[in-house]
Structures are given as C-alpha cells and as structure tokens.
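Good morning, and thank you for making time for this item.

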Amino acid sequence: MAAAASLSFRLRSFWRFALVVSVAFGCSEAMTRLGWMDSLENVYYDYWHQYAGKRRDAAHAAVVAVDEQTLDEYKDDPLAFWQPHFARAMETMTRAGVKVIGLDYLYQVSAEDWLKKLNLPGTDTSRSYDAPFRAQLASGNKILITQLIELSNGDGRLLLPPRDHLYLLPEGTNDLGIANLNPDDDNSVRRFLPVFDPDPAKPAMGFATQLALRAAGLDPTLAEWNIAGVKLPREAQPRLIGYIGPPGTIPTVSMSKLLKADALSDPEVQQLNGRVVIIAANDRGTQDRHPSPYSRAIFSKQGEQMIGGEIHANIVETVLSGHYPRKLPLAAEWIYVLALVVIAAVFFLRLHPAGGLAVALALGLLCLVPAWFMFLDDWLLPVGRLQTALGIGFLTTLGLRLTGEERERARLKKMFGRYVSDDVVKVLTEGERPD
C-alpha cells in the first residue's frame, strides 16, 4: 500500500509539473507567434540601445547635411533650384574620394522645365541651369531617390525624378532607390526593406540597399548578394537595422563646407574619402525626422529623433558591415525559454506561494543579464516572452494549489462526514476550532 501510494503521489507531482511547464511555455509561444509580445520586446530592444549608446564607429557611411548654416548662406535660392549647389557638392565629394553619392531629395520637375514655363525673354537660363547637375548624374555613382505614395483611391504610385534626369543615369533604374522607411506599429524605425518588390525589372530597390550594393561593386539585378559574410536575398522581408549609435553618431559634414573654394583642405571633407555619402536635410524645420530605438522616453526624458538621411546611413553600415541584430534560431529559443520555465516550475511547486513569487521575480530580473550581453554581440534573447512565461507558470501553480486544496477538503468531508459531526469535519478541513 505504501509503495502504491508513493507511486501515485509521484505521478500526480509529475503531471502537475508537466502541466505547469506546458501551459507556461505553450501560452508564451502562442502569444509570441500572434505578435502579442512584440510591443514588450521592443521596449527592451529600445532600452538596450539607449544603455549601450554609441556601439561602434561608422566605417562605411557619412551624411552631408543641408543644415541651418547651409540654408543661411544660400537663403536667396529656393531649395527647388539648388541643383547647381548639389552639383558643386557632388564634384567636391568625387574629388575627395567618395565611393557613392546618394541624394535624399526628390525633384519631380527639373528647374529648367520650370523656367521654360515662365517664358523669360532674352535668357539661356532655361537651357543651361541644370547643366552642372546633369553632368554629375551622367558621370555615374550617383543614386537618386524615388518615393512610394498611396493615392486617395488606395492605389500605389512611385514618384520618380524628372525624365531628363533619368535618361542621364548610366545604370538607368539601378541608379534609383526607394527612400520610404519601414516603421513598426509604434512608428519607430527598427527595420528596413532591402527591396520593395523582388522583381528585378522594377525600380523597387531600397535607397540604402542600392547605395550599399554600388559601394560593394555588386550587381543589383541578382537574386541574392553576399556582403560581409551575410547572404542578403532579394526579398521584400524586413530586416533589423544595426544602429551604430544615437543621432549624430554617423559622421556628418555641413554642405556649406563642401561649397567653399578650399573645401578639399578641410579635414572633415577629407574624412569622406572611401565612404558612401548621403546628402540629406538636417535643419530644425525638416519633417524628415523619425523615431528610432534611441527615441523612447526613459525616466521621463524623451530621446532625440533621427533624420532620414542618418537612418539610411545606418542601413548602409548594417549591410556593408554585416552587423545585423539577429534572433536566436527557433529551436535554440525554445530550449532557452523551456529550460528557465522548467527551473521555475520546480521551485513553484515546492515552495510556498510567497517563495514562488520571489523566484518568478528573481528569474525575471536575472534574464536581463544574458539578454544585455548578447545584445552587445548583436544577438537578441527573448525577455518579455520569458517574463510572461514565468508569470503564467506561477499563476498556473497557484491555480493548481487552490483547486487541489478544494478537492482535498471535499474528499475529507466525504470520508469523515458520515462518522463525525460537521464541527469536527470543519476542524479537519479548515483548521478551525468548533464553536
């Protein structure tokens, strides 16, 4: 009898343990696959970035900023007519040894076409105004942006540069890149699309991807690229951006410096040698600013948003360096979560509920340590999912104990109720003294 009772007790203990582990792991897995954990995981992902600060030096990209200084020096020229200024900046960058130049400004009509509409008498401006800019485009290694927009009827449309500029691009549509960013549901930009459509016949390459491929000397029409030891397939699947640091980490040079006569003697201009350079707006009034992992408020202090040009530069750095933040393989993630859930379940079932709660809180905090150090090496360990699994496991254990005690009380009442008074049964089941 004693052996049978012992076996029965062990079986009950095993099934209780298996139930706690299965419910905790299964629920957390289901919530993860349904995307319910994304918001919580993003919180930790953003905080890791903020605590890490600058992660590495930029080795491949830089930004030439149209900032307040530049706007002030050329305040008499409307930005729509800045092609000659961009041309001079591009010429200086080419002489400084820049690999590829990306212009993060979209013009749908050339200045010359606009001037023709004015029918200005006695001037050749409408035939020669864009000549320096056209010459820069024709010389190659210049990437212009396109933009995807949604019309009022729901149809999509691709905004392209002026036709006369497109004809001058040596690589045609392979000298174009879509500049749309790919924000998450909370509007923060953590991911990018290498391509927006896998069809190589369409002008659907991402702006930063096009710049990176040109810098690496790779054919943009291939089905897959191997860059920095990482395979980048031609798929419209988002990939995490390996940000190198908060806003301002990417080397940034005021465009006004590139327009000076002695620009090539400027050390900041000289440091552009061998880099991919993006010309982008960086004045206080620009709308091209976006939340990034460094923008989340921490201790009630809101982080600074990042200009679009610097986000594109971070994507270039990601592709050319191979520093993609990456999740564990699914099997490894399961083993990691399951191992901690098993450890927690053992304590939950053996300890008093207060002790079990302490274990859940301790393990929930302890899992932050490996997650932080793995993040520094570009690996992402689940944190929100693991903490949720621990919470579910603890609540499941608590539920089993409560329902188990009720069943035991019912069993004792049934066993002794026919032989002793209700007051005695009450003492046996609830530990109370009879009145």
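How many cavities of 30 Å³ or more does the structure hold? The structure holds four. A cavity is a set of points, on a 1 Å grid over the protein atoms alone, where a 1.4 Å probe fits but cannot get out; a pocket is an open set with protein on both sides within 12 Å along at least five of seven lines; lining residues have an atom within 4 Å of a point.

This is a predicted model, in which local features need pLDDT of at least 70 and side-chain atom pairs count only at pLDDT 80 or more, while totals for chains, interfaces and linings use all residues. Residues are numbered from 1 along each chain as its sequence is written, and side-chain values use heavy atoms, without hydrogens and water.

The largest cavity contains about 70 Å³ of space. Among its 13 lining residues, N180, F192, L193, G206 and I315 are the closest to the centre. Helix 9 gives the largest share of this lining, three residues; helices here are DSSP runs of H or I with at least four residues, numbered from the N terminus.

Helix 9 spans residues 207–216 and includes T209. T209 is buried, with a relative accessible area of 1%, where buried means under 20% (1.4 Å probe, protein chains only). Beyond its neighbours within four places in sequence, T209 is in contact (heavy atoms within 4.5 Å) with F192, L193, P194 and L232.

Turning to the largest pocket, its volume is about 630 Å³, a volume being the space filled by probe spheres set on grid points joined across faces, edges and corners. Of its 29 lining residues, D38, E41, N42, R191 and K327 are the closest to the centre. Helix 2 contributes the most to this lining, with seven residues.

Key. Helices (H or I, at least four residues) and strands (E, at least two) are DSSP runs, numbered from the N terminus. Buried means under 20% relative accessible area, exposed over 50%, partly exposed in between (1.4 Å probe, protein chains only).
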